[in-house]
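Please look at the sequence and the structure shown here. The paragraphs that follow lead from a single residue to the sheet and its cores.

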Amino acid sequence: MEEKTVHAGSRIVVGVDGSPESVLALKWAQTLAHALDATITAVTAWHMETVFGSYIVPDWDPDEGARQILKDAVQEAFGGNPPEGFSGVCIRGTPAKVLMEHSKSAQMLIVGSRGHGGFAGMLLGSVSSACAEHAGCPVLVVHGERDAWKVPATVGVGHEDGHDPVGNS
């Protein structure tokens with residue numbers, strides 16, 4: 001079996017908020033990381049709005065909540081066994097801003113089309129829209145509502161039967 005070497009600095013950043021789309025984004029990242037010889041960095045950002053007169057739950061730790069969201073998403077996406085070179089970070093800040101900052105040193109950014117904060121009728125959430133417009137690398141926006149759509153098992157691998165799905169002979 002051929003051993004792959006992950007290139008230094010070659011990484012895919014994935015925005016994770018615990019939504020089904022962000023779990024699917026992690027699965028896409030696993031497939032693409034293999035094809036691109038890249039590592040995966042999952043980023044969960046949290047932000048507390050300061051509102052006058054708001055009630056704060058005394059035992060609530062937003063950073064711990066973000067770590068649990070990331071842990072649960074990794075469990076769901078990879079069965080608790082993330083790919084080699086995987087890392088996850090939880091950062092305080094607005095999700096779009098945090099992801100765009102991480103995109104500056106990434107080969108690709110993958111986000112879900114809508115997170116937990118999206119309105120049901122929106123096709124593209126505010127975070128994914130901002131990332132698609134302002135990220136420092138190519139952005140893949142994953143739509144999760146199509147049950148028939150599956151993450152490809154491999155990317156960039158020829159067809160054993162010689163069939164070309166594009167029609168080029």
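Serine 103 is found in helix 3 (residues 95–103), where helices (H or I, at least four residues) and strands (E, at least two) are DSSP runs, numbered from the N terminus. The model is predicted: local features need pLDDT of at least 70, side-chain atom pairs count only at pLDDT 80 or more, and totals for chains, interfaces and linings use all residues. Residues are numbered from 1 along each chain as its sequence is written, and side-chain values use heavy atoms, with hydrogens and water left out.

Is serine 103 buried or exposed? Serine 103 counts as buried because its relative accessibility is 0%; buried means under 20% relative accessible area, exposed over 50%, and partly exposed in between (1.4 Å probe, protein chains only). A polar atom of its side chain lies 2.6 Å from the backbone oxygen of methionine 100. A polar atom of the side chain of serine 103 also lies 2.7 Å from the backbone nitrogen of glycine 136. If residues up to four places away in sequence are not counted, serine 103 touches Leu109, Ala135, Gly136 and Cys137, contact meaning heavy atoms within 4.5 Å.

Serine 103 belongs to the buried residues of helix 3, which are Ala96, Val98, Leu99, Met100, His102 and Ser103. What covers these residues includes strand 1, strand 2, strand 3, strand 4 and helix 4 (126–134).

The protein as a whole may now be considered. Its secondary structure comes to 4 helices and 5 strands, and along the sequence these follow the pattern β-α-β-α-β-α-β-α-β. Of its 169 residues, 33% count as buried. Among contacts between residues at least 6 apart in sequence, 77% join residues at least 24 apart.

In what order do the 5 strands stand in the sheet? They form an open sheet in the order 3-2-1-4-5, with parallel pairing; two strands pair if DSSP finds at least two bridges between them. Strand 3 (87–92) and strand 5 (139–142) stand at the edges with a single partner strand each, so one side of each is left without a neighbour in the sheet. Neighbouring strands of this sheet are turned by 25 degrees against each other on average, direction ignored. Axes are lines fitted to C-alpha atoms, for helices over the stretch in contact, and angles run from 0 to 180 degrees between N-to-C directions.

Strand 2 (residues 39–46) pairs with strand 3 in the parallel sense over 6 bridges, and alanine 45 stands opposite isoleucine 91 in strand 3. Helix 2 (residues 62–78) packs on the sheet and touches strand 2 and strand 3, its direction making about 140 degrees with that of strand 2.

Strand 1 is largely enclosed by the rest of the structure, because 5 of its 5 residues are buried. Both of its faces are covered: Arg11, Val13 and Gly15 are buried on one side, and Ile12 and Val14 on the other. Strand 1 pairs with strand 2 in the parallel sense over 5 bridges, and valine 43 in strand 2 is the bridge partner of glycine 15. With strand 4, strand 1 pairs in the parallel sense over 3 bridges; here isoleucine 12 stands opposite methionine 108.

The largest nonpolar core has 22 residues, of which Ile12, Val14, Val16, Leu26 and Ile110 touch the most other members. A nonpolar core is a set of buried Ala, Val, Leu, Ile, Met, Phe, Trp, Tyr and Cys residues joined through side-chain atoms within 4.5 Å. The elements giving two or more residues to this core are strand 1 (11–15), helix 1 (20–36), strand 2, helix 2 and strand 4 (108–112). Helix 1 gives the most, with 8 residues. Apart from this core lies another, of 13 residues, among them Val98, Met100, Ala130 and Ala135.

Valine 139 is partly exposed, with a relative accessible area of 27%. Leaving aside neighbours within four places in sequence, valine 139 is in contact with Leu109, Val111, Cys131 and Ala132. Valine 139 and serine 128 are 11 residues apart in sequence and 8.9 Å apart in space, C-alpha to C-alpha.

Definitions and conventions: A polar contact is a pair of N or O atoms within 3.5 Å; within protein, one must be able to donate a hydrogen and the other to accept it, and residues adjacent in sequence count only if both atoms are side-chain atoms.
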